[in-house]
Amino acid sequence: MDPSSLNDLHQASRLNDPDASRSVAEPVISISGLDKVYAGGFHALKAVDLSIRRGEIFALLGPNGAGKTTLISVVCGLVNPSGGEVRVDGFDNVRDYRQARALIGLVPQELTNEAFETVWNTVSFSRGLFGKSPDPAHIERVLKSLALWDKRNNRLITLSGGMKRRVLIAKALSHEPRILFLDEPTAGVDVELRRDMWDVVRQLRDSGVTIILTTHYIEEAEEMADRIGVINGGQIVLVEEKAALMRKLGSKQLTLHLHAPLAEVPVALADYDLQLAADGSELIYTYDGTRDGDEGSSITALLGDLDAAGIAFKDLHTRQSSLEDIFVDLVKERT
Amino acid sequence: MNLFPVRAIYAAEMARTRRTLLQSIVSPVISTSLYFVVFGAAIGSRISEIEGVSYGAFIVPGLIMLMLLTQSVSNASFGIFFPKFSGSIYELLSAPISHVEIVIGYVGAAATKSIVLGLIILATAGFFVPLEIAHPLWMLTFLVLTAVTFSLLGFIIGIWADGFDKLQLVPLLVITPLTFLGGSFYSIDMLPPIWQTLTLFNPVLYLVSGFRWSFYGISDVSLMASVTMILVFLALCLAVIAWMFRTGYRLKP
């Protein structure tokens, strides 16, 4: 992707942002008491309250059917809410739908495109649809930033899946939105393209665009998000700064590969709550990684007690729990 | 009203017409020409003039109306159905655009295409029979009103349909039979009295009759009855579309 084009694009976005001076602390999206019951009776959202900060990357995680897409769809106007309120930069998304929707760009989960249109036409169409006057220079910048310029005259049906996803992003950026929803943006794309997209998302965030993404790839949230929300069963289970969440819920494990297998954990080591694994040839010590400094002293004590008990080890390694572990634990806990 | 979204939809729909020019324009023209050959030449030679108009010329308004109705419904229904089918309707529903603007974009494009088609068929007819248009303004009024009204009906069908089969259902099973039985190819005076009475319940009769009046000054029902009928149908279609958007029927869950 062309970073210089993306920078130009960001510059243009900033210049066109009438709200650039607004407080960063002010939520750009406020969702309160949002409820959605589908015609079949499925209660997809249950009194959801959520605030999205201006300029952040917010990752919404949740298992299949948790309500991620429904939540995005209600905010973007694709699904009628059953109750509650959504405000986008202060505008009610139902009553003031023109102002609210004009601020939002949406990249849907499915690769939905007019198959026989050209890249240029479909991106230009999106800009017009969102009420903006034609601006070929902006469309050119968007296409160049997403490495689509060479494909501008190609019909969408001839593009690869990854290219089609880029086109969806280009369509969403065509009207210079201040808020971008990415619903599973890298589903089914290769690793290289995924990393390219992460770069694009970060650069958009740097230009002041607020990004809300749903993903199944925990790695994606871990890599990019400033804050993380977990939704399960239609309810927001947790919203936390990513770093704080990792600190709060993260645990560390020390695995010792023993010289000689043990039949059981010696009584002298009972205080450490050790686990035996790999037929007694590994000792696993799980400890709290959030209290800086504490872990060092407890490991020193453990190693000393092991030595005293005559237990020798040939190797060791440590591992910090990933966001995926935290997410799985959270969802398991609440179900 | 923001004209940019209307223009975007309209231009995209017209571009689709250009991409499918053969299907959009050439095919109906060929079909109409075949009607002239079969009805005008083969049958027309056996039927004397109807109220002073040669049979070939008599069927011109009916033929145009047949194409106008079927093409208006087909264009408009496909226009809104395809984004639903492909999923790209998400963009329409998430855009800062009013329901009125959406309807003007899609229905405007469908009606434009039908009107152009109607005029092409009219020109084609000129090669087969001598044509006269007694009331050109009324002719254009009927042409536009009918194209818009049936494009609105097509838009309704496009939203209602959840598969390609349903998309074809109404044009094939309702519009075409009603047009054939609505005096397109005959005057209802030629029918037995009971059929004349029954035909009066066919709304298409009023459209064909009014349209034919604008050409030759002859009609099966009064001009006012024709105008009233098309305006009532127009209002009905607008009401249904307003209800569909208000409730999100088959658009928004």
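Modeller: Before we start, a polar contact here is a pair of N or O atoms within 3.5 Å; within protein, one must be able to donate a hydrogen and the other to accept it, and residues adjacent in sequence count only if both atoms are side-chain atoms. This is a predicted model, where local features need pLDDT of at least 70 and side-chain atom pairs count only at pLDDT 80 or more, while totals for chains, interfaces and linings use all residues. Residues are numbered from 1 along each chain as its sequence is written, chains are lettered from A and ligands numbered from 1 in the order in which they are written, and side-chain values use heavy atoms, with hydrogens and water left out.

Colleague: Thanks! Which backbone oxygen lies 2.6 Å from a polar atom of the A:Thr158 side chain?

Modeller: That of A:Arg155.

Colleague: And where is A:Thr158 placed?

Modeller: In chain A, A:Thr158 is in the loop between α5 (136-145) and α6 (161-173). Helices (H or I, at least four residues) and strands (E, at least two) are DSSP runs, numbered from the N terminus.

Colleague: Buried or exposed, that A:Thr158?

Modeller: Exposed, because its relative accessible area is 53%. Buried means under 20%, exposed over 50%, and partly exposed in between (1.4 Å probe, protein chains only).

Colleague: How many helices and strands does chain A have?

Modeller: Chain A has 11 helices and 14 strands. Of its 335 residues, 49% are buried.

Colleague: Switching to the interface, how many residues of chain B are in contact with chain A?

Modeller: 26 residues of chain B, touching 30 of chain A. Contact means heavy atoms within 4.5 Å.

Colleague: What area is buried between the two chains?

Modeller: About 2,500 Å², with 57% from carbon and sulfur atoms. Buried area is the accessible area (1.4 Å probe) that two parts lose on being put together, summed over both. B:Tyr90, B:Glu91 and B:Pro96 supply 28% of what chain B buries against chain A, more than any other three residues.

Colleague: How many salt bridges are there between chain B and chain A?

Modeller: Three, taking a salt bridge as a side-chain nitrogen of Lys or Arg within 4 Å of a carboxyl oxygen of Asp or Glu. One of them joins A:Arg98 and B:Glu101 at 2.7 Å, N to O.

Colleague: Which helix of chain B gives the most to the side that touches chain A?

Modeller: α1(B), with six residues. Helices α1 (3-19), α3 (55-86) and α4 (89-94) of chain B each supply at least two residues of that side.
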